[in-house]
Amino acid sequence: MEDHAEDDLQKALRMSMQYEPPEPKRSKARDDSVETPMEESPEVKNRRLQRELMAAAAEKRMIAASAAVATTVTSTSSTSSTSGTGAVKNVSSSSSSLDVSSLKVDKCVPVVEEEKDSGEELSPEHAHQLFSMVFGNEVSKGILAQWSNQGIRFSPDKETSMGLVQHEGGPCGVLAAIQAFVLKYLLFFPQELAKDVPKTPIIAVSKRVQETRNSEINIFGSLTDETKSRALVRSMAEILFLCGNNNSATIASLRILDHKIEGKDESSKDEIVARSLDGLSIESGDDLQKVLKVSTFTSLASAMQRLEEVIPIFRSRMGALLFLLSALLSRGLETVQADRDDPTQPLVTAPFGHASQEIVNLLLSGMAVANVFDGKMDLGGGMFVKGILTPVEVGFLTLLESLNFCKVGQSLKSPKWPIWVIGSESHYTVLFALDPRVQDENEFEGRETTIRRAFDAQDQSGGGGFISVEGFHQVLKDANVNLPVDKVNNLCSSGFIVWSEFWQVLLDLDKGLGGLKDSTGLMGKKVFDLYHFNGIAKSVLGGGETMPVQRPRLTKLSVSVPPRWTPEEFMANVSLPGSSSGSGGGDGSGSKDEVVEVSKPERVQHAPLVDCIRTRWARAVCNWEGDPPSIV
């Protein structure tokens, strides 16, 4: 019935647009000689009037549709002429041929973009698993508040403009790891942060400071917000792909912000995000499932593009938590649990909500292992615990090693780039050098490293610094050390060998026997600079007003590392054998410089950070200007 009505409508429309009336139908042959007018019956007349009315209505609709098309084309053409695009101009010049289907395509464009970037929801099961993995089943509102109120934002202070600011306790492990990678790009890869390919090479911050011998602490003052943002995006993408075995990266964002921040300037985006998050709290897996959306990328360029789009969300108060969730999802929840020694414990530790070592290791090495030693440790009975299995880009040092609670392996102590996350009992900060050569080893250090690696390979104490007699004989073989029998028997008398005792024996063993004794003193000491950044920025109430008691701080440290003497020996004025008379060694190879270098006491300053540095450079002497650097 509808098709029949439509046919009548089309027929009536054609009839109304003809200039001559159609020839009437005839039931029999016409007699041309006699022309008599045909009279319409009432039924035929009624049908004709209906057709005319329908044709008139159709004509009105056609005119209205044509006017709408013309208006749309005119608007599009004017926009095109402003932007200089010629394609739409051609369409406007032939608007009569424009059909409605083309308009429908234009209206569908935003829908296609929304589908591309919308991401996917987590299933309720995965959302509950993710929340429980991070916070456990019994988490305080205080810890949730810490992790829901920490964005990934740069310091507004000029002196620390390259640093990420921490306002809440807890997420510092996430921020410090990101900070380490940001410094990697700012210091050593400025070319990769350029928006366009520059005509002249960009000089890295580290090289620029070295060439100008700039002693000022404000070495990052010339960085633009755009450069820092690109360094942040690049760093986040690298970490997420590292967690995804360099195959893929998953980015967690918030569904409530879909397309609300597109096309805005940065300050407007931040305001929109802040308003959208007003009143939002995540206190359970259900809350997480309602607001979270995830997108997975197999291309680094696509992941970086997505991060650039949603970087205002990561700058918001939910940023640190969202990045942690992204890293866990990139690794895969089941894989994360397989990495861990005790998967029943939450990754955020109670009662203070600190990031666990598993979180830090995940962001630095791509695996959520709980230990910082190299390789695996055999506990017997087919049980193993895992440490760091691969080389890393940036490393890790901890105060806990100086207190003999753990032993950091060479993978984290000697990363590819001279940047380290520093761990204390309650906080994470960052230590770095501008010159990669600080990690270059001289002959003495190279030999020490070789022997220490061999010793650590046999250390089954979790970094306790002692090995079995059987393991000790393997160390002597692997390190090519020829100890006299009496010294071997003396070291093995207690049934186990302690590193400190073995080390003292090596210092008195000639180099020809594989030891480290150097009677000439020609090895010299190392002198270099390190920088320490602490991003914590807190305020307390005092005198009725809010007064800042601590801001992000960058401290420069001058470090000297003697080849074998301890700072106490420096203070005691112990000089080289045979050099007290100033004539140098017995072979006449000594010099005044050598005598002064080891006999002159140096000003020694101490702080817990120095203890961390000495786990990397055992005999380091550090000096700085102003207040001691803080790692808490």
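Good morning. A residue is called buried when its relative accessible area is under 20%. With that cut-off in hand, we may turn to the structure itself, which is a predicted model. Of the 632 residues in the protein chain, 44% are buried. The chain contains 24 helices and 17 strands. Contacts can also be sorted by how far apart the partners stand in sequence: among those between residues at least 6 apart, 67% join residues at least 24 apart.

Let me begin with a single residue. Glutamine 146 belongs to helix H6, which spans residues 141–147. Is this glutamine buried or exposed? Its relative accessible area is 18%, and the cut-off for a buried residue is under 20%, so glutamine 146 counts as buried. Which residues does it touch, once neighbours within four places in sequence are set aside? Glutamine 146 is in contact with Glu168, Gly169, Gly170, Pro171, Phe352 and Gly353.

I now move to the sheet. Six strands form an open sheet with mixed pairing, in the order E8-E9-E10-E13-E16-E17. Strand E8, residues 395–398, and strand E17, residues 621–624, each have a single partner strand, so they stand at the edges and one side of each lacks a neighbour in the sheet. From one strand to the next, the twist averages 30°.

E8 and strand E9, residues 419–423, run parallel and are joined by four bridges. Phenylalanine 396 is placed opposite valine 421 in E9, and threonine 398 is placed opposite glycine 423 in E9. Where do the residues of E8 point? Gly395 and Leu397 point one way, while Phe396 and Thr398 point the other way. All four of these residues are buried.

Helix H7, residues 172–188, lies across E9, strand E10 (428–432) and strand E13 (526–534). H7 runs at about 20° to E10.

My last topic is the packing of helices. Two packed helices are described by the angle between their axes and the distance between the axes. Consider helix H13, residues 319–331, and helix H15, residues 357–365. Their axes come within 11 Å and cross at roughly 70°. H13 and H15 are therefore roughly perpendicular to each other. The crossing of H13 past H15 is left-handed. On the H13 side, Phe323, Leu324, Ala327, Leu328 and Arg331 take part, and they meet Ile359, Leu362 and Leu363 in H15. By class, this contact of H13 with H15 has seven nonpolar residues, one charged residue and no polar ones.

The second pair is helix H18, residues 443–458, with helix H21, residues 499–507. At what angle do the axes of H18 and H21 cross? They cross at roughly 145° and come within 12 Å. The crossing of H18 and H21 is right-handed. H18 contributes Phe444, Glu448, Ile451, Arg452 and Phe455 to the contact, and H21 contributes Trp499, Phe502, Trp503, Leu506 and Leu507. The residues of this contact of H18 with H21 divide into eight nonpolar and two charged, with no polar ones.

Thank you for your attention.

Definitions and conventions: Residues numbered from 1 in each chain as written. Predicted model: local features only at pLDDT ≥ 70, side-chain atom pairs only at ≥ 80, totals over all residues. Heavy atoms only, no water. Axes fitted to C-alpha atoms, helices over the stretch in contact; angles between N-to-C directions. Helix = DSSP H or I, 4+ residues; strand = E, 2+ residues; numbered from the N terminus. Parallel < 35°, antiparallel > 145°, perpendicular 65-115°, else oblique. Left-handed = near helix turned anticlockwise from the far one by under 90°. Contact = heavy atoms within 4.5 Å. Nonpolar A, V, L, I, M, F, W, Y, C, P; charged D, E, K, R; others polar. Pairing = 2+ DSSP bridges. Buried < 20%, exposed > 50% of the residue type's maximum accessible area, 1.4 Å probe, protein only.
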